[in-house]
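Me: I would like to go through some of the labels used for this structure and ask what each one rests on.
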Amino acid sequence: MTNRAERQPLPLMVLCMGFVLIWVITAAFPFLWTFWGSFKVEADFFSYSNWMNAITGPRTLQQTGATWTGNGYEGAWIEQKFWVAVINTAIVTVSVVVISLTIGTLGGYALARSGFRYTFWILIAALVFRAMPHVTLVSGYLLPFFQLNIWGYLPTSILVLVAINQPFTLWMLHSFFLSIPKDLDESAMVDGCTRFQAFRLVIIPVMWPGVVTTALFSFLLAYNDFTVTSMLLTQENQTMVPKIASFLGTVQAENKVMYAVAAVVSAMGPLFVLVLFFQRQIVSGLTAGAVKG
Amino acid sequence: MPHRTFFAFILPSLFVMLLFIALPILSVAYQSLFIEHDQALIEVETCDPFSCQKELRVDAAAMAALREEAPMGKFNGLGTYTNSSHLAFDEVSQIWANSPSILAFLSSLTNLPFYNAMAFTLAYTFIVTPLVIITGFFIALGVNAVPTLIKGPVIFFSLLPMIVTPLIGSLVLFWMIDSKGILGATLQWVFSDPQLTLKASPTLTWTVLMVYGVWHSAPFSFIVYYAGLQGVPKDTLESAMIDGATRWERVRYVVIPHLIPLTTFIALMQLMDNFRVLEPIVGFSAEANASSLSYLIYNDLRIAETPLFGSAAATSMLTIIGVVILLTPVLIRTWRDFNRKTH
């Protein structure tokens, strides 16, 4: 099964195992630690005297009567109204994914099927736009948005996020469409389909893996965004990430830093589920651009 | 595909990009030529039983009228670019005249806010990127050698630092390295120095931010390299072995050449992403010791009492120029490839 070139001597094997083990601990430990600690009180999670306190929770027992407490979550979700931010995040991410995929698949398909010179220029422009730090664009939105009186609303942010997401979506879908043979849609058109019907009835059904992968990355962009949402939304309309950033200052002043810890753990939840179920698609998406070199 | 169909398909996508990416850049360029209005001051006399004092106050009504009349602010030309919080021509020439050596010149140059931010951004970009590539490569080699059974969980845990929002990722680490957090307290214990905090000096803060950067991005280069390793031609490896190549020679002459194109890809993506570093600075509250170009813009727009649009716009333009310089080699290469393919 394994050929001779792949066989490892024992010491090298042990070295590899050790290195991989160290890496896995580095990658996973901070999350497990924060997750565990979010159910403790601040005196335990930030314990100067003994780090074991964060695991066993003696102060938590003293203050609340049990070694586990949901106080952080209660404070964050109810007192600090984190649930509003969760709903806003759901609205923003779902809308961004749906809109950017609808217009992105059309655009990516056109780029993949047309050999004109300007497709190259559109792709290059998309590459430059992809490289631009988002915050440089945000400063260009503020004044016009103030004057048009559209600043601070969810739909505005959704449109901006769709636009910022477009260059990446176009590149990714364009390379997925290139891997589907031209004959497929051309024969559908010979059979009497229009270009759009061929796209919708023949190409999209075979494109699902590519669409799902691109959707995942659009989701991550919208969900993780900090610059756009923190500057283009009002306090009431905030999504999770800027909400966490904004109440860091307020809860730290009132000694309620566990609220922030609980909010952070809540925001990590959906990402874990995502990785759990879509690991294969995420990996294929990350490497999609690379394989062609 | 005829031109008309092409544009019908791509129109919505092109439209949002023009409206929300291309136009804002023009808007930024235009804004950078303006500066905030001077404060309109009026003299107010306040009297108490003993004396009267004259005092200058901001005239709110006059300011509102001024803003109504010229919402962009006062025209300043390229003045914002050359003032002391951006390129600082006057200060730079003064420092140049006063410093005995190049090193002294550079170290006083980084006291200026813009150059300080640029130094951090460039240092972050050019230190984190190679480290990410190297770390990812070794993890990929390691994972490739371990039994198939544990590869799945390893990839799952590896993806986490990268997938998680940068702000959240940095907060998670920040709470651990806090002097009361587990890592911070352990470090104090190891060095038996109760005053030690990782936020104390610029060097320590820079190191922590860069460690975060590597932790956050190493999974990306790991995954790409790991996928690449699956495609290394097995026959070549085997024949190299029959020809007497050692283990290291096989890595050096077969595996690494195979992975070179991937390295270019990773480097490009990492350069683009590291150049915009912002969230870790916010998450680690590191602004006292480290600020990046993006952070300067964020700070101008967000933290200041009244947003400094002109200043933010000037920094934005300079950042965009930086990005274009960074991308130029890639763009030239793509252009050559394209021409070779079409002719």
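Reply: A patch here is made of residues with over 30% relative accessible area and no salt bridge, with nonpolar side chains joined within 5 Å. The model is a predicted one.

Me: What makes Trp36(A), Trp51(A), Met52(A), Ile55(A) and Trp68(A) a group on the surface?

Reply: Together these residues form a nonpolar patch with about 480 Å² of accessible area. Ile55(A), one of them, has 32% relative accessibility, and the patch cut-off is over 30%. Ile55(A) sits in helix H3 of chain A, residues 53-56.

Me: Why is Ile55(A) called partly exposed?

Reply: Buried means under 20% and exposed means over 50%. Ile55(A) is at 32%, so it counts as partly exposed.

Me: Is Thr207(B) buried, exposed or in between, and how do you know that?

Reply: The relative accessible area of Thr207(B) is 42%, so the residue is partly exposed; the limits are again 20% and 50%. Thr207(B) belongs to helix H10 of chain B, residues 202-230.

Me: What does the UniProt record call residues 12-36 and 118-146 of chain A?

Reply: The unreviewed UniProt entry lists both under "transmembrane region", among other spans. In the model, residues 12-36 are 100% helix, with end C-alpha atoms 35 Å apart. Residues 118-146 are 93% helix and 0% strand.

Me: How many residues of domain 1 of chain A are in contact with domain 2 of chain A?

Reply: 15 residues of domain 1 touch 16 of domain 2, where contact means heavy atoms within 4.5 Å. The C-alpha centres of the two domains are 33 Å apart.

How values were computed: Residues numbered from 1 in each chain as written. Chains lettered and ligands numbered in written order. Predicted model: local features only at pLDDT ≥ 70, side-chain atom pairs only at ≥ 80, totals over all residues. Heavy atoms only, no water. Patch = residues over 30% accessible without salt bridge, like charges linked within 9 Å, V, L, I, M, F, W, Y side chains within 5 Å. Areas by Shrake-Rupley, 256 points an atom, 1.4 Å probe, with all protein chains shown as cover. Salt bridge = Lys/Arg side-chain N within 4 Å of Asp/Glu carboxyl O. Helix = DSSP H or I, 4+ residues; strand = E, 2+ residues; numbered from the N terminus. Buried < 20%, exposed > 50% of the residue type's maximum accessible area, 1.4 Å probe, protein only. UniProt positions renumbered as here; feature names shortened; annotations may be inferred. Domains from an automatic or database assignment.
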